[in-house]
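Hi everyone, thanks for coming. Let me put the sequence and the structure up, and then I'll walk you through a few places in it.

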Amino acid sequence: MDWKRFDRARRSIGPLELDLVESYAQGRISRRDFLRRGAVIGLSAPFLATILAACSSDEGGGDVSAAPTGGAVQQGGTLRVANLKPVTTDPVAMQDLPAYGVVAQCFEFLCTLGDDGDIAPGLAEEWSPNEDGSVWTFQLRQGVKWQDGSNFSSKDVAATMDRLVEAGQSGLTGVIEVGAVDASDPNVAVFNLTGPNGNLPYLVSVFNAQTPITPVDYETGTTLQDSPNGTGPWILDEYNGNTGATFSRNPDWWGDPPPLDKQEMQFFDDFGTMTTAMQGGSVDAIVQFVPIGGEALLNDPNFTTLDIEAATHQEVWMRTDTGQFKDARVRQALALTFDREAMVNTLFAGRAVVANDHVIAPFMPFFNDSVPQRAKDDEAARQLLSAAGFPDGLKAVLHAIDILEIPDLAALIQAQSKAAGFELELAVEPTDTFYGTQWCPPEPKDPPCSGAAELGIVNYGHRPVPDVYLNAAFATNGVWNSSQYSSADFDAAFKEFQASVGVEAQTAAAGTLETILNEDVPVGLPYFFNYLAGHSNNVTGVRVSALGQMFVEKAALTA
Amino acid sequence: MTRYIVRRVALSAVTLFLLVTIVFVIVNVLPDDPGRRIAGPFAPQETVDALNERLGANDPLLDQYGRLLKNAVTFDFGESFKFGQPVKEVLFPALARSAKLVVLGLVLTLPISIAAGIFAARRRNTLADRSVVTLGLASSSIPEFVSGVTLQFLIGVQLGWLPVLALAPSDAGFFAELEYLLLPALALVAVYFGYIARITRAGTISALDADYTRTAVMKGLTRRRVMTRHVMRNALQPTVAVIGTQIGYLFSGLIALELIFNYPGLGSLIVNAASDKDFPLLTAGVILVGIIYMLTTLTADLVIAWMNPRARLVGERV
């Protein structure tokens with residue numbers, strides 16, 4: 001340890017940053033977590049490097065700024081990308097991963113995807129919190145232009161945030177209110193939060209996919225193709241919701257010019273056809289695929305798999321306010337029937353980790369491992385069911401969305417829960433109808449999602465921090481709260497978690513959240529699975545966010 | 001003949017009217033809020049109400065029905081809820097794509113299957129006849145999605161001879177488009193070869209056994225003349241009738257094939273419109289398919305009437 005260097009560095013920072021630096025220096029967090037968290041609270045790469053050097057850590061890990069590229073790259077050319085058909089490309093209302101992937105080509109976020117897979121400066125060059133994390137200041141990138149030639153400014157940021165809060169869709173509810181962003185300086189956006197929040201940069205990043213910055217006069221309900229006026233590296237040339245979209249390089253983009261001339265995004269109805277298209281060489285990159293049916297790609301020597309550890313998961317929601325699952329013992333019983341190891345092995349060939357019916361993934365820096373893992377126990381499940389008034393078992397319809405491995409998961413749950421007395425009828429539905437009829441129908445509107453089915457499985461994309469999951473799916477009146485869960489204890493614990501800005505405080509608060517969700521089981525959550533994407537070996541520089549977004553501004557074809 | 005055509009066209013118009021009425025009833029049985037569907041789940045209720053007003057969703061059913069009849073005549077169904085574009089702009093490109101696949105499939109299927117049917121009929125009960133019948137039966141009993149996947153895997157993925165997807169890039173030329181469409185078209189050949197060959201064979205056998213054929217032979221006509229002037233004209237009438245109805249099906253029924261080859265044709269568009277409750281697109285799609293059916297069966301009837309003048313007299317007092 002180079003104490004002199006370390007001391008000099010830590011004297012220049014505030015209490016929030018100091019907490020992180022001390023946590024790392026004392027070995028309470030790993031190098032990886034230190035780098036991740038450092039990026040979140042706006043520590044610069046040179047500062048992080050200084051601390052790492054001072055601490056002389058011998059842990060392995062990636063360079064925070066390195067961008068791996070392939071060998072002899074070609075300038076120009078067209079990249080053909082396979083993506084599923086988006087439902088809607090309205091940046092505010094979109095809810096599906098394919099739409100996130102389309103919109104993110106043209107619209108950008110304050111914090112973008114770094115080469116290390118975490119957040120990095122996007123439309124904001126740097127950011128920093130005040131002492132308690134209740135005010136965050138984002139220094140905006142200068143010289144950025146909208147594709148119509150007008151200048152990007154903090155007014156666009158403020159208007160975007162207002163639209164998002166009004167829509168209540170992006171996990172910002174309770175974090176900021178309308179008018180929270182001070183845009184008096186066109187180059188600075190000051191977020192005045194409703195309370196302290198240590199994870200705000202994630203909430204305005206690629207990992208909160210509904211938060212791309214749109215122009216000040218953008219109207220909610222406008223789709224990308226209606227108004228393709230972003231700041232991003234790609235200009236939308238053509239859009240057909242049935243076939244695909246084509247993009248050309250934005251010559252006025254603020255970043256290094258993309259090596260490719262064009263990007264052709266082809267839309268597919270299912271993963272199987274996408275996988276075949278990749279195998280047959282009809283596309284160069286695939287935004288996502290699944291192990292079941294994707295074995296050929298995983299074993300293809302001409303294919304590069306991007307296998308990303310992620311918090312991507314499926315939630316088996318159970319209505320807590322009405323119906324047969326109202327009693328927590330019934331929900332616990334269903335969760336007790338899950339053979340999670342079998343699910344991980346059967347559905348992902350091991351490319352997943354077992355979860356414990358809460359949304360804090362083991363790789364998150366504040367994951368608290370003190371909550372005992374729920375294991376399959378049919379006898380205990382039967383007893384709980386009986387105690388809850390179902391001595392002869394229970395019949396229910398399990399609604400499932402026909403995407404990824406979910407139909408297979410539904411079948412496994414049906415089979416695994418039978419011995420405990422659950423007789424589940426499966427109802428698998430396509431994406432377009434499922435979201436709007438079973439998961440969160442638009443009506444009744446108040447509270448949101450109160451028209452949801454009694455029992456169902458819905459997919460959640462990756463987020464490096466759980467704030468969006470917690471806010472939208474579990475907080476009282478959350479916009480994606482299909483289980484209609486409402487718990488004063490949870491709401492208080494969530495507030496405490498949001499307000500915790502130090503790693504230790506966050507870990508303690510996370511433990512409370514994990515315990516509450518594990519006991520109340522508004523959702524059964526059997527696993528977190530890796531996000532799989534990839535490209536042919538003659539492509540380099542492709543990055544994915546594990547949230548349906550494939551970034552190809554650094555991508556190139558190789559000889 | 002003119003009278004026959006007028007009668008058939010009038011009948012088609014009545015059928016179209018009935019179809020529009022049935023579609024209207026079906027669409028109105030399904031509850032929905034078109035304004036909400038277009039504006040999205042997070043749009044303010046005032047926006048949704050204004051949209052519903054503009055779309056006429058709050059109008060009395062009779063007014064809506066009258067509007068649909070008018071739309072059917074002008075073929076202007078407004079905007080697709082899902083795509084936010086005029087229905088015509090979504091529907092017609094899909095129709096064009098389906099047409100390309102259907103035409104290529106028929107161009108490949110018809111000559112070989114008709115030739116095989118006639119060939120088998122003229123060698124009735126020989127090994128050649130039995131081979132054609134057995135091969136046809138075997139190929140047509142395999143669903144097109146099975147033959148499609150098999151061809152895609154073997155020829156597209158393993159051998160790499162043809163593209164595995166059917167939709168060519170927008171700047172592709174005529175021959176490149178053909179190359180892209182060849183695999184799904186071959187899957188169609190596999191299904192329809194046996195079907196058409198067997199019908200042609202049966203018709204040819206029946207014509208070969210007919211009295212008029214015997215008379216033609218007895219009066220000393222050459223074999224070629226007997227076949228072209230007497231046998232074929234009669235033998236192919238069932239084949240033409242079947243092709244007429246099958247073309248209508250091919251335009252809208254190849255959903256599995258369209259899915260396998262990621263080919264956005266009319267069939268998958270209509271199915272998706274139904275599941276999305278995109279009523280303008282669904283209504284227009286169903287009516288368009290009805291029109292295609294009517295046109296193809298009408299054409300088939302006219303061809304049959306041309307081939308066999310007696311057909312024109314059906315339904316007339318003689």
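Before the first number, a word on method: accessible areas come from Shrake-Rupley with a 1.4 Å probe, and for residues only the protein chains shown count as cover. With that in hand, chain B has an accessible surface of about 16,100 Å², and 67% of that belongs to carbon and sulfur atoms.

Two housekeeping sentences. What you see is a predicted model, where local features need pLDDT of at least 70 and side-chain atom pairs count only at pLDDT 80 or more, while totals for chains, interfaces and linings use all residues. Residues are numbered from 1 along each chain as its sequence is written, chains are lettered from A and ligands numbered from 1 in the order in which they are written, and side-chain values use heavy atoms, with hydrogens and water left out.

Let's stay with chain B. How many helices and strands does chain B have? The count is 14 helices and zero strands; here helices are DSSP runs of H or I with at least four residues, strands are E runs of at least two, and both are numbered from the N terminus. The C-alpha trace of chain B spans about 85 × 60 × 30 Å along its principal axes. Of its 318 residues, 47% count as buried, where buried means under 20% relative accessible area, exposed means over 50%, and partly exposed is in between, again with a 1.4 Å probe and protein chains only. If we take contacts (heavy atoms within 4.5 Å) in chain B with a separation of 6 or more, 72% are between residues 24 or more positions apart.

On charge, chain B carries 29 positive and 22 negative side chains, and the centres of the two sets lie 20 Å apart. Lys and Arg count as positive, Asp and Glu as negative, and His and the chain ends are not counted; each charge is placed at NZ of Lys, CZ of Arg, CG of Asp or CD of Glu.

B:T47 lies in helix α3, residues 45–55, and is partly exposed at 36% relative accessible area. From B:T47 to B:S98 it is 51 residues in sequence and 37 Å in space, C-alpha to C-alpha.

Further along is helix α13 of chain B, residues 266–276, whose buried residues include B:L266, B:L269, B:I270 and B:A273. Backbone angles deserve a look on either side of this helix. As a reminder, most residues other than glycine have a negative phi, and most peptide bonds are trans. In the loop between α12 (255–260) and α13 of chain B we find B:N262, with a positive phi near 45°. Is B:N262 buried or exposed? B:N262 is buried, at 11% relative accessible area. Just after α13(B), B:K277 has a positive phi too, about 55°.

Over to chain A, and its sheets. One is an open sheet of seven strands in the order β8-β9-β10-β1-β11-β20-β12, with mixed pairing; strands pair if DSSP finds at least two bridges between them. At the edges stand β8 (234–240) and β12 (303–308) of chain A, each with a single partner strand, so one side of each has no neighbour in the sheet. Neighbouring strands here are turned by 20° against each other on average, direction ignored. Axes are lines fitted to C-alpha atoms, for helices over the stretch in contact, and angles run from 0 to 180 degrees between N-to-C directions. Between β8(A) and β9(A) (244–249), which run antiparallel, there are six bridges, and A:W234 has A:R249 as its bridge partner. Helix α8 of chain A, residues 271–279, lies across β1, β10, β11, β12 and β20 of chain A, at about 145° to β11(A).

The other sheet is open and antiparallel, with four strands ordered β4-β5-β7-β6 in chain A. β4(A) and β5(A) (135–140) pair over five bridges, and A:A124 has A:L140 as its bridge partner. Helix α6 of chain A, residues 154–167, lies across β5, β6 and β7 of chain A, at about 30° to β7(A).

The peptide bond from A:D446 to A:P447 is cis, with omega near 0°. A:C449 is in that loop between α14 and β17 of chain A, has a positive phi of about 70°, and is buried at 3% relative accessible area. Thanks, everyone!
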